[in-house]
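Take a moment with the sequence and the model below.

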Amino acid sequence: MTVNNLSLCYHNKLILAPMVRVGTLPMRLLALDYGADIVYCEELVDLKMLQCKRVVNEALSTVDFVAPDDRVVFRTCEREQSKVVFQMGTSDAERALAVARLVENDVAGIDVNMGCPKEYSTKGGMGAALLSDPDKIEKILSTLVKGTRRPVTCKIRILPSLEDTLSLVKRIERTGIAAIAVHGRKREERPQHPVSCEAIKAIAETLSIPVIANGGSHDHIQGYLDIEDFRRATAASSVMVARAAMWNPSIFLKEGPRPLEEVMQKYIRYAVQYDNHYTNTKYCLCQMLREQLESPQGRLLHAAQSSQEICEAFGLGAFYEETTRELDARRAKLLAKSPEEAEEPAEDTSGIIKMAIKFDRRAYSPQITPKMCLLEWCRREKLAQPVYETVQRPLDRLFCSVVTVAEQKYQSTLWDKSKKLAEQAAAIVCLRSQGLPEGRLGEESPSLHKRKREALDQDPGDPRTQEPAMPGELCKKPFVALASGQESPLEGW
């Protein structure tokens with residue numbers, strides 16, 4: 001898809017701020033539905049983006065930027081193409097320009113993060129670290145303005161002195177950027193510190209380009225009318241809202257916010273329709289629930305380990321099933337049109353034992369997986385460890401794995417969303433063919449428990465305890481919302 005208008009107006013706009021783990025496609029679309037004029041994606045680091053390949057996802061009607069490990073780093077769609085601003089983390093002008101050229105046909109604007117005070121950003125010379133290097137700031141922004149067809153902006157924090165802040169923003173303006181967003185706090189300050197409306201106002205009165213006021217959620221913005229009050233107090237052209245919009249994206253509605261339950265259900269629908277990873281969906285919902293995390297619904301959300309379980313926690317189980325069927329049918333239709341792209345694994349498939357199996361993690365113990373059971377059986381039988389060969393289908397980016405055990409190949413005929421799930425399915429095919437336990441609840445292999453007990457009894461210095469875990473054997477618990485009052489990764493931007 002291509003954006004036709006080359007200019008994005010930053011005057012008198014309501015803007016969804018860039019927020020780590022929050023500014024993904026479902027949240028951006030939700031904010032647009034509720035009245036936001038412009039939406040920023042979360043900060044994405046230049047080095048990570050430069051590893052990505054641009055993929056048109058016909059099944060979802062999206063454009064995906066996909067990392068070498070097949071993870072979608074940035075996903076966008078036609079609905080937002082004239083309103084989404086791509087924010088990057090960078091400390092190098094040439095890398096920044098390479099990223100801008102990679103994404104410019106799919107976004108409306110390019111922004112450079114110069115305000116994030118977190119170590120994961122500043123330690124690479126990005127974010128707020130740039131504020132101490134005006135020469136680098138000027139080079140990055142000038143290079144982008146000259147080299148990309150999209151309007152360029154940046155987001156900064158104020159410096160210790162107003163004089164230094166004004167000197168910096170004047171220099172930034174001279175690079176030719178379209179607008180500047182100002183978070184009215186210093187680098188070391190956090191949301192509990194008061195935002196400086198006076199500093200933002202001084203910047204707005206000094207510059208001729210639009211100034212976007214940011215940082216008002218804690219002190220000023222609790223509802224729609226407060227957004228305009230904050231704009232007047234700062235004399236800014238527009239207002240960028242972060243945490244207040246994260247808590248309830250319907251804050252952009254003139255008529256007032258919608259009930260949180262309604263907002264969350266609408267968010268979940270977007271998340272399912274656009275195949276958002278369940279851990280990201282869960283994180284955003286936890287931010288919305290906040291003090292209600294200990295409610296029955298909050299506990300169900302906390303326990304959810306898939307998009308389906310999240311939907312069930314919010315009474316959307318039927319919606320999940322229907323949407324999944326529609327997506328599967330759409331993929332099947334696309335595959336029927338492009339059979340050459342839907343080939344089975346390239347190797348000779350004769351002699352492969354196949355079953356139509358998918359790995360449903362809810363049916364298995366969280367400590368024991370089919371791959372673990374198969375590896376343990378091979379060790380007991382003194383066989384070489386299983387070898388997995390996994391391929392990805394280009395059209396819908398689904399995976400299929402073939403496992404080889406004792407020179408026999410096993411494969412599930414059902415393609416899956418991830419490499420790990422496809423490998424587990426292949427392991428199940430092998431185990432069931434041999435009539436072996438596969439780790440299902442109530443059917444766990446006693447030998448695995450024995451190995452665990454032996455490992456616990458070993459001396460920590462015993463070399464056997466240093467054996468690395470096999471891929472897929474460790475189950476990482478997804479990050480969930482912090483308790484009320486604790487700082488989340490996005491706060492302080």
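Here is a short walk through some salt bridges. The model is predicted.

Begin with the whole. A search of the entire structure turns up 24 salt bridges.

Go to Arg75 and Asp64. Their side chains form a salt bridge, with N and O 2.7 Å apart. Arg75 belongs to strand 6 (residues 72–77) and Asp64 to strand 5 (residues 62–66), so this pair ties together parts that are 11 residues apart in sequence. Are these two partners buried or exposed? Arg75 has 12% relative accessibility, so it counts as buried. Asp64 is buried too, at a relative accessible area of 0%.

Move on to Glu438 and Arg440. Their side chains also meet in a salt bridge, at 4.0 Å from N to O.

Some bridges share partners. Look at one link in it. Asp229 pairs with Arg232, and their closest N and O atoms are 2.5 Å apart. Where do these two lie? Both are in helix 8 (residues 224–234), 3 residues apart, which is about one turn of the helix. Asp229 has a relative accessible area of 39%, so it is partly exposed.

Now return to the model and trace each pair in turn. Start with the strand pair, Arg75 and Asp64. End with the helix pair, Asp229 and Arg232.

Note on methods:
Residues are numbered from 1 along each chain as its sequence is written. This is a predicted model: local features need pLDDT of at least 70, side-chain atom pairs count only at pLDDT 80 or more; totals for chains, interfaces and linings use all residues. Side-chain values use heavy atoms; hydrogens and water are left out. Helices (H or I, at least four residues) and strands (E, at least two) are DSSP runs, numbered from the N terminus. Buried means under 20% relative accessible area, exposed over 50%, partly exposed in between (1.4 Å probe, protein chains only).
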